[in-house]
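I opened my notebook to look through one protein model. My plan was to start with the whole chain and then go down to single residues.

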Amino acid sequence: MLLIGITLLLLGGCVSGAPQTTKAFSFDFLMPEVQPKQPDTYLCHGLDAGDEDVYITEFLPKANKDVAHHILLYGCEEPGSTDVVWNCGEMAETKSQYETASVCARGSQILYAWAMDAPKLKLPKDVGFKVGGKTGVNSLVLQVHYKNVSSFLEPANKKDSSGLILTMTYKPQPRRAGVYLMVTGGRIPAHSIEYLEAACDFPDSDLEIHPFAFRTHAHKLGRVISGYRVRHQQWQEIGRQDPRKPQMFYNVTDPEMTIKNGDILAARCTMENTNNNSVSVGPTQNDEMCNFYIMYYVDGDHLLQPNVCFKQGAPGWYWQDYPDQRGLNLAAVPATASVVPDSGRALEKTTQDGDTDTDTDGQDMDGENVDEGPEDSEEEALDDLLDQAVANMEPDEVEQLVAEALAAQDMRPDLADPRQNRLAWLNSRLYDDSY
């Protein structure tokens with residue numbers, strides 16, 4: 001890791017210690033002229049966050065969507081590597097000249113995400129991401145997922161410095177910012193419209209958060225992603241957007257909204273697959289993703305933990321599988337949940353819940369007869385066990401690794417049940433046994 005204390009940045013070379021100024025300053029946190037050689041390479045670059053509390057108040061992307069598929073900024077208790085640059089696409093099958101490690105070794109949280117030439121993000125007045133000091137964010141890690149690497153190969157041999165320009169201040173901000181991520185695995189059958197859905201109880205009994213921005217992320221099949229707060233059986237939209245538009249953080253639908261104990265958070269990604277093959281959630285640009293980010297602030301210093309809601313997605317999990325059906329109240333789901341913004345186009349799901357990819361003879365894509373699967377009670381018990389295991393993983397593992405685990409059917413077609421895919425993947429992670 002490049003050990004450059006933030007206290008040294010653009011402050012005349014002053015050393016770590018007491019803050020020298022309360023004025024805002026900027027820092028270019030960029031890839032150090034890297035040359036990724038293969039598409040879908042994930043590279044990470046780390047930075048020591050310093051000994052003093054410092055607040056990030058603005059993010060200005062410096063990237064091109066034709067080169068960078070997306071950029072994520074992580075806060076880590078401990079970075080995944082001490083190298084200046086490392087390969088952090090653990091489950092993406094790419095060969096890299098860089099050593100491979102996770103984004104964070106401990107204490108991972110997402111601070112910012114960019115894709116599709118999204119513009120800068122300036123946080124509301126008095127709001128900042130607090131890092132450094134004793135915050136638990138001892139390092140910042142920049143992750144870039146490279147989409148097109150042709151300019152880095154012969155004969156051009158160019159180098160890349162994609163990244164972020166951060167506006168920061170030592171002046172304490174009374175409201176601390178955080179990000180909550182809702183993410184699914186899943187599979188979208190050929191020639192179908194499918195819903196990938198997630199729902200979780202609000203995870204903190206004492207905290208109240210104020211969502212002020214949201215971001216959607218999908219790849220080629222995403223048409224609309226929507227997120228909701230459910231309180232007293234009533235659904236209220238947090239945000240809804242077409243992920244084919246710039247994947248920036250947009251203002252929430254209701255800036256006065258709060259989320260607190262007893263609320264349920266729900267998200268849906270409406271996917272349209274016109275291909276002749278099914279597409280699974282996974283880490284490459286040819287896979288899919290279903291992510292709904294909620295950026296929020298709290299009055300005080302305590303952030304939301306855990307900060308990820310993960311569900312396995314279709315065909316194994318839908319909103320109707322949420323345990324508190326009375327509280328979720330699916331009869332009240334807004335009619336606009338799968339309406340593409342600015343078009344009025346409503347997309348109705350064409351798959352049947354629990355469907356696998358089948359032909360007209362009732363066989364799956366590999367020619368095997370489709371079984372009905374385990375009893376409901378066994379399914380629920382297994383889902384609970386798997387969800388608990390996933391809940392203890394870091395967000396980057398959930399987003400990059402679990403996603404590909406749910407696509408394990410491509411590598412192990414004998415595992416037709418998505419739960420079995422998850423079990424095989426979890427087993428491989430626990431015992432380092434490649435499957």
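**Entry 1: contacts and overall make-up.** I looked up the contacts between residues at least 6 apart in sequence, and 82% of them join residues at least 24 apart. I note here that the model is predicted. I then checked secondary structure and found 4 helices and 23 strands. The protein has 435 residues, and 57% of them count as buried. Its accessible surface comes to about 18,700 Å². Carbon and sulfur atoms hold 46% of that surface.

**Entry 2: aromatic pairs.** How many aromatic pairs are there? I got a count of 12. I took one of them, Phe25 with Tyr170. Their ring centres are 5.7 Å apart and their planes meet at 35°. Stacked needs planes under 30 degrees apart and edge-to-face needs over 60, so an angle in between counts as tilted. The Phe25 and Tyr170 pair is therefore tilted.

Where do the two residues of this pair lie? Phe25 is in strand E1, residues 25-30. Tyr170 is in the loop between strand E10 (163-169) and strand E11 (175-184). The pair ties together parts that are 145 residues apart in sequence.

Buried means under 20% relative accessible area. Phe27 has 13%, so Phe27 is buried. Phe29 has 1%, so Phe29 counts as buried too.

I also found a cluster linked by ring pairs. Its members are Phe59, Tyr112, Phe129, Phe249 and Tyr293.

**Entry 3: charges over rings.** Which residue lies over the face of Tyr195? I found Arg268 there, 3.9 Å from the ring centre. I noted a second case at Tyr318. Lys349 lies over the face of that ring, at 4.6 Å from the centre.

**Entry 4: Ala332.** I ended with a single residue. Ala332 is in the loop between helix H1 (325-328) and strand E22 (339-340). Its relative accessible area is 26%, so Ala332 is partly exposed. Which residues does Ala332 touch, leaving out those up to four places away in sequence? I found Gln233 and Trp235. I then looked up Gln234. Ala332 and Gln234 are 98 residues apart in sequence, but their C-alpha atoms are 6.6 Å apart in space.

Methods. Residues numbered from 1 in each chain as written. Predicted model: local features only at pLDDT ≥ 70, side-chain atom pairs only at ≥ 80, totals over all residues. Heavy atoms only, no water. Phe/Tyr/Trp six-rings, centres within 6.5 Å; stacked < 30°, edge-to-face > 60°. Buried < 20%, exposed > 50% of the residue type's maximum accessible area, 1.4 Å probe, protein only. Lys NZ or Arg CZ within 6 Å of the ring centre and 35° of its normal. Contact = heavy atoms within 4.5 Å. Areas by Shrake-Rupley, 256 points an atom, 1.4 Å probe, with all protein chains shown as cover.
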